[in-house]
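Here is a short report on one protein chain. Look at the structure first, then read on.

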Amino acid sequence: MLPSSSFLVRNLAMGALLMGAPLLAVNDAHAAPPPQVRGSSPGYYRMMLGDFEVTALSDGTVTLPMDKLLTNITAAQLKTQLARTGLDPSHVEGSINAYLIHTGEHLVLVDAGAGKALDPNASGRLLNSLRAAGYRPEDIDAVLLTHVHVDHHSGLTVDGKAVFPNAVVYVEKNEADFWLDASNEKTVAEELRAGFAQAAASFAPYLAANKVKKFTGSTELFPGVRSISVPGHSPGHSFYAIESKGQQMQFWGDLVHVKDVQFRSPGVTIKFDLDAAAAARQRLKAMNDAAAKGYYVGAAHISFPGIGRVLADGKAFTWLPVNYSVAGLKP
């Protein structure tokens, strides 16, 4: 019988010691691991909602100085609330999430990510996530924009060309009319003014192809897919609600920017809100509704996959993330 490999290794090592050779020589071939990868894989999370397949797609993240952006909260309150989750108010990294809905008849994308508009090392990963999830940009027949801010629409276009060539872009009429009219630039805060040129660039190939469809308020767009008007954060900010076999989910766009603050304090707003008071009212209304009815929520800036439920917690709320599941794609 041949000696075992472990027997040979022990005897080689012993011989090396007796001869004064360094023991490391036996393992030289495996002494150094390969370089660190330092990157994340394309991000997607899939679940079923009745007969609808819902896939959360990560576009990456964006890091923002929330101590300079959040309003209706003191610096001390912000520091205390974020300390509970170990976050530094001066640089909070938030997810940028989009959602793909396969209804059986339509393949619908809710929001299109940041494209090249933000940090290329952290965001603009939507297409990688989409392909990893088993779909191609040309498979999508509709893109539903919650609103026209750069981290939600800039992924529509690359180098002047439509990323989703077979898709119609749906956007609320007041939202489109506001951001596609450059004369409105002077009415917004300085940090939002670049958004007008960015919107024009994102929409250009779709407008040229007559593939932008404006809707008004709350309306059914496809069977089981409807819009909900929630102006405040922007003039035509919209949720999208889906329903299949009695199960429901809403996609909230920019209702929440910092979950560890705004579920506890729904009145906290952000400088990106065009009408902060209205945005705060919409947030409280939406959280009350979600907590009362128990449906799923998909949120653009809650840690990926950004899917969960809202629970009432006294006069405030708690976010309950979806339970990770593989079996049956069920949450």
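Which helices and strands each supply at least two residues of the lining of the largest pocket? They are strand 2 (52–64), strand 4 (92–102), helix 5 (150–153) and helix 7 (194–208). Helices (H or I, at least four residues) and strands (E, at least two) are DSSP runs, numbered from the N terminus.

This is a predicted model, in which local features need pLDDT of at least 70 and side-chain atom pairs count only at pLDDT 80 or more, while totals for chains, interfaces and linings use all residues. Residues are numbered from 1 along each chain as its sequence is written, and side-chain values use heavy atoms, with hydrogens and water left out.

## The chain overall

The protein chain has nine helices and 18 strands. Of its 331 residues, 48% are buried. Buried means under 20% relative accessible area, exposed over 50%, and partly exposed in between (1.4 Å probe, protein chains only). Take the contacts between residues at least 6 apart in sequence: 67% of them join residues at least 24 apart. A contact means heavy atoms within 4.5 Å.

## Two pockets

Rolling a probe the size of a water molecule over the atoms shows where empty space is left. Here a pocket is an open set of points on a 1 Å grid over the protein atoms alone, where a 1.4 Å probe fits, with protein on both sides within 12 Å along at least five of seven lines; lining residues have an atom within 4 Å of a point. Grid points are joined across faces, edges and corners, and a volume is the space filled by probe spheres set on the points.

The largest pocket holds about 430 Å³ of space. It is lined by 23 residues, and Leu118, His149, Val150, Asp151 and Phe272 are the closest to its centre. Strand 4 gives the most to this lining, with four residues. By class, the lining has 12 nonpolar, seven polar and four charged residues. Ala, Val, Leu, Ile, Met, Phe, Trp, Tyr, Cys and Pro count as nonpolar, Asp, Glu, Lys and Arg as charged, and the others, Gly among them, as polar.

The second largest pocket has a volume of about 210 Å³. Its lining has 13 residues, with Lys259, Asp260, Phe263, Arg264 and Phe317 nearest the centre. Helix 8 (259–262) and strand 18 (316–321) each supply at least two lining residues. Strand 18 gives the most, with five. The lining divides into five nonpolar, three polar and five charged residues.

## Charged side chains

Side chains of opposite charge can pair when their charged atoms come close. A salt bridge is a side-chain nitrogen of Lys or Arg within 4 Å of a carboxyl oxygen of Asp or Glu. The structure holds nine salt bridges. Three of them are listed here.

| Pair | Closest N to O distance |
|---|---|
| Lysine 173 and aspartate 177 | 2.6 Å |
| Lysine 293 and aspartate 289 | 3.0 Å |

Lysine 173 and aspartate 177 sit four residues apart in helix 6 (residues 173–179), about one turn of the helix. Lysine 173 is partly exposed at 39% relative accessibility, and aspartate 177 is partly exposed at 29%. Lysine 293 and aspartate 289 have this spacing too: both lie in helix 9, four residues apart, about one turn of the helix. Lysine 293 is exposed at 58%, whereas aspartate 289 is partly exposed at 24%. Elsewhere, salt bridges that share partners join Arg136, Glu138 and Asp139 into one network.

Leaving aside neighbours within four places in sequence, arginine 283 contacts Leu255, Gln262, Pro266, Val268 and Thr269.

## Backbone details

A cis peptide bond joins phenylalanine 304 and proline 305, with omega about 10 degrees. Proline 305 is in the loop between strand 16 (296–298) and strand 17 (307–313).

Aspartate 111 is not a glycine, yet its phi is positive, about 70 degrees. It lies in the loop between strand 5 (107–110) and helix 4 (126–132). Aspartate 111 is buried, at 3% relative accessibility. Aspartate 159 also has a positive phi, near 50 degrees. Its place is the loop between strand 7 (157–158) and strand 8 (161–162). Aspartate 159 is exposed, with a relative accessible area of 67%.
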